[in-house]
2 protein chains.
Amino acid sequence: MSGRIDTKTKILDAAEKLFAERGFSETSLRLITSKAEVNLASVNYHFGSKKELIRAVLARYLDQFMPAAADEITAIRQQKPNASLTEIFSALVAPLLALERIRAGGTRTFLQLLGRGYIESQGHLRWFITSHYGEHLNLFVTAVQQSVPNIPKADIFWRLHFTLGTVVFTMGSADALMDIAAADFGERNNIETVIRKVIPYIASGVAV
Amino acid sequence: MSGRIDTKTKILDAAEKLFAERGFSETSLRLITSKAEVNLASVNYHFGSKKELIRAVLARYLDQFMPAAADEITAIRQQKPNASLTEIFSALVAPLLALERIRAGGTRTFLQLLGRGYIESQGHLRWFITSHYGEHLNLFVTAVQQSVPNIPKADIFWRLHFTLGTVVFTMGSADALMDIAAADFGERNNIETVIRKVIPYIASGVAV
DNA sequence: AATTAATTTAAACGTATGTTTAAAATTTGA
DNA sequence: TCAAATTTTAAACATACGTTTAAATTAATT
């Protein structure tokens, strides 16, 4: 039993790193299993298929992030019923950075996986996310709507998707961007400083 | 000779549609050539490799868009030296929509290809774009900097990349988003209305 | 019209992929 | 301890991919 969990975890650990770096379809099971130092067939044995492995990789992050984010949102709404948009978005920072404590680079890995899930796989991961975590998402959307009550719900829908694009695209190319920023402007960034940069941008855009 | 051009164009037309819809690595040469109704080997004959085909597909759009965008930016700066950020961004709308006249759906196709180029291919398309169209990009960045002279250049760098993410991610999932907006809010959008929605969002975020 | 060059074609090549199989090894439970 | 269930392993399978080859066809040139 400890052997089984160990193999599953080794696969998940190797897979999430490679998926985030290279994308789902550019990452072969042979590359994953060689990095994880397990047998090729163990992926199909433990997860059934590559598609289900992808979902398992994402679920491990979402299962931690979504409840934590929902808790933060709920807490903010109770403490400050008139919380600003920036405060709502900032409430997500702690749950995002908490992913870093599980695994070094976990925050960026999660956001990269999320972005690849939305872009690369034609809808089936989108469906997986909205069907499994719809309650948490609704909680967040409601909090945003309450913080900017004068904005039509349709506009909020669009702007939150703009925001999703901003975040996942930025995280997907965060390595390259941090390198350029260091070379051209002498900035030394990490994932948290980038998140701190993006919050005013998206808060301003959603509230415009 | 007319036969050669015809085959090349048929390949490019089929490839750009499939690349935009499904991504580069998810689109096989066999699928492209069957849709284009040409022989499989003609891709390698005319373009050398799949990688060069991808670049050719992107170049066809960039060669039209980049000079047109540069002209619009130059014109705006001459007419209104103190043009606002919204005016700068809006100057790109006409060149973007002009792509629509070449091919139906050309605007969205272009932005989707751009996004996939940045995300999917590890840097080699990014390099292709910045090295071939660096002058045009610099012109645009300079215009943005002049319109918000009080913002540090490093911040503008980050926010313009946030903006790129917003736009390409939105366009990559524009079909799904327009469907949802229609179902949930009764909105009937097209590519232009979505662009008009995104401009205040990004202008506000960059200027914040 | 004859020769040369350019293009198209069908077939094969070599490699890589996700998955399955069946035997070996290991762990579990009575 | 020993039989049963679980897990690991090596090998093979079937398929798909980008690319190359060489012959057939078409177009261009003289």
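Let's start where the two chains meet: eight residue pairs, both at pLDDT 80 or more, are in polar contact between chain B and chain A. A polar contact here is a pair of N or O atoms within 3.5 Å; within protein, one must be able to donate a hydrogen and the other to accept it, and residues adjacent in sequence count only if both atoms are side-chain atoms.

This is a predicted model: local features need pLDDT of at least 70, side-chain atom pairs count only at pLDDT 80 or more, and totals for chains, interfaces and linings use all residues. Residues are numbered from 1 along each chain as its sequence is written, chains are lettered from A and ligands numbered from 1 in the order in which they are written, and side-chain values use heavy atoms, leaving out hydrogens and water.

Now the salt bridges. There are two between chain B and chain A. A salt bridge puts a side-chain nitrogen of Lys or Arg within 4 Å of a carboxyl oxygen of Asp or Glu. One of them joins Asp155(B) to Lys197(A), with the closest N and O atoms 3.9 Å apart.

Which helix gives the largest share of chain B's side? H10(B), with 15 residues. By class, that side has 22 nonpolar, 11 polar and 10 charged residues.

Next, area. The two chains bury about 3700 Å² between them, 71% of it on carbon and sulfur atoms. That is accessible area (1.4 Å probe) lost when two parts are put together, summed over both. Trp158(B), Phe169(B) and Tyr201(B) supply 23% of what chain B buries against chain A, more than any other three residues.

Note on methods:
Helix = DSSP H or I, 4+ residues; strand = E, 2+ residues; numbered from the N terminus. Nonpolar A, V, L, I, M, F, W, Y, C, P; charged D, E, K, R; others polar.
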